Amino acid sequence: MTTSRIENISDPRVRSYARLTSRQLQRRLEPDEGVVILESLLVIRTALREGVQVRSVLVDERHVEKLLADIPELDGSDVEVFCASRAVLSGICGFSVTRGYLAEARRPRPLPQERLLRAASRLVVLEGLTDVSNVGAAFRSAAALGADGVLLAPGCADPLNRRAVRVSMGTVFQLPWARAEGPWPQGAFAQMAGLGVWRVALALTPEAHPLGELSRLPQARGPMALVFGSEGAGLSSRTLSACDVHAVIPMAVGVDSLNVAASVAVACWELFGRPHAPASRP
């Protein structure tokens, strides 16, 4: 395997790392074939393990040997490896690079909604999340604490945005996910109801039950979807009405709520992460 040195931040071989916006990355090359940028050695390794098609790697020249030692499958592959000085690398990225590992990969396609809903027994549903960091953190918590799928409502931020990928630590490539199809929320929630999925809204409503009470109900042993709303407005009234039950995470006096990504972590631990009887379809 040969490693090519990048001397200039304008080198066209690394243009994806520098000058393309997130929207341009999604549509680069062909309309249905976008690009995603990976940051950190762990994320690159995770993406490769999950079958993501990595096209090139851009690495701090001091870390080439470590890159090949940690990801030996790169040696002998058709993945282009570029190296650059720390100064050039920071110039390409537009910020001071500390870890020094980046990669360009083909953007994976989300699953069709129906396929995800039929396969997942522990589902996280996100509505209205516009902050890419929160989406990435929600994926990381969901993957770590027992979820087996994520459904994104229309308008949610892109989980394959480079910052979302970084914050998720690559779990956006591990956890199956889909974009909601058809009218929201009617289409997806009607399909979940038909599959016997218990739909739990995390919301500060008068009828909400403490989260710990729900984990003791028989429904918690079957297929379930935890539904989380936006960072500010929360869940829409239509989505709240489409859920079977509302739940709240009890707060200490003077605190009304958690950041949505933290709420995903707590709720997934309580309803997905704790030992339960195996989930089963009706």
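**Note on the helices, the sheet and the core**

1. The buried residues of helix α7 pack against β6, β7 (149-152), α8 (162-168), β8 (177-179) and α12. Buried means under 20% relative accessible area, exposed over 50% and partly exposed in between (1.4 Å probe, protein chains only). Helices (H or I, at least four residues) and strands (E, at least two) are DSSP runs, numbered from the N terminus.

2. The model is predicted: local features need pLDDT of at least 70, side-chain atom pairs count only at pLDDT 80 or more, and totals for chains, interfaces and linings use all residues. Residues are numbered from 1 along each chain as its sequence is written, and side-chain values use heavy atoms, leaving out hydrogens and water.

3. The chain holds 12 helices and 12 strands. It has 282 residues, of which 51% count as buried. Among its contacts (heavy atoms within 4.5 Å) with a separation of 6 or more, 81% join residues 24 or more positions apart.

4. Which residues of α7 are buried? They are Ser133, Asn134, Val135, Gly136, Ala137, Ala138, Phe139, Ser141 and Ala142. Just after the helix, glycine 146 has a positive phi of about 105 degrees.

5. Helix α12 (residues 260-273) has 10 of its 14 residues buried, so it is largely enclosed by the rest of the structure. The buried residues of α12 include Val260, Val264, Cys268, Leu271 and Phe272. Their cover includes β6 (122-126), α7 (132-144), β9 (198-202), α10 (211-214) and β11 (224-228). The N-terminal end of α12 is capped by asparagine 259, whose side-chain oxygen lies 2.8 Å from the backbone nitrogen of alanine 261.

6. An open sheet is formed by 5 strands in the order β1-β4-β3-β5-β2, with mixed pairing (two strands pair if DSSP finds at least two bridges between them). Strands β1 (3-5) and β2 are at the edges with a single partner strand each, so one side of each has no neighbour in the sheet.

7. Within this sheet, strand β3 (residues 54-60) pairs with strand β4 (residues 80-84) in the parallel sense, over 5 bridges. Aspartate 60 has alanine 84 of β4 as its bridge partner.

8. Strand β2 (residues 35-39) pairs with β5 (residues 101-106) in the antiparallel sense, also over 5 bridges. The bridge partner of isoleucine 37 in β5 is glutamate 104. On which sides of β2 do its residues point? Val35, Ile37 and Glu39 point one way, Val36 and Leu38 the other way, and all are buried.

9. A nonpolar core is a set of buried Ala, Val, Leu, Ile, Met, Phe, Trp, Tyr and Cys residues joined through side-chain atoms within 4.5 Å. The largest one has 56 residues, and Leu38, Leu126, Phe173 and Leu226 have the most contacts inside it. Helix α12 supplies the largest share of this core, 6 residues. Apart from this core lies another, of 22 residues, among them Val125, Trp184, Ala203 and Cys243.

10. Neighbours within four places in sequence aside, leucine 226 is in contact with Leu123, Val124, Val125, Val200, Leu202, Ala267, Cys268, Leu271 and Phe272. Of these, Ala267, Cys268, Leu271 and Phe272 are among the buried residues of α12.

Key. A polar contact is a pair of N or O atoms within 3.5 Å; within protein, one must be able to donate a hydrogen and the other to accept it, and residues adjacent in sequence count only if both atoms are side-chain atoms.
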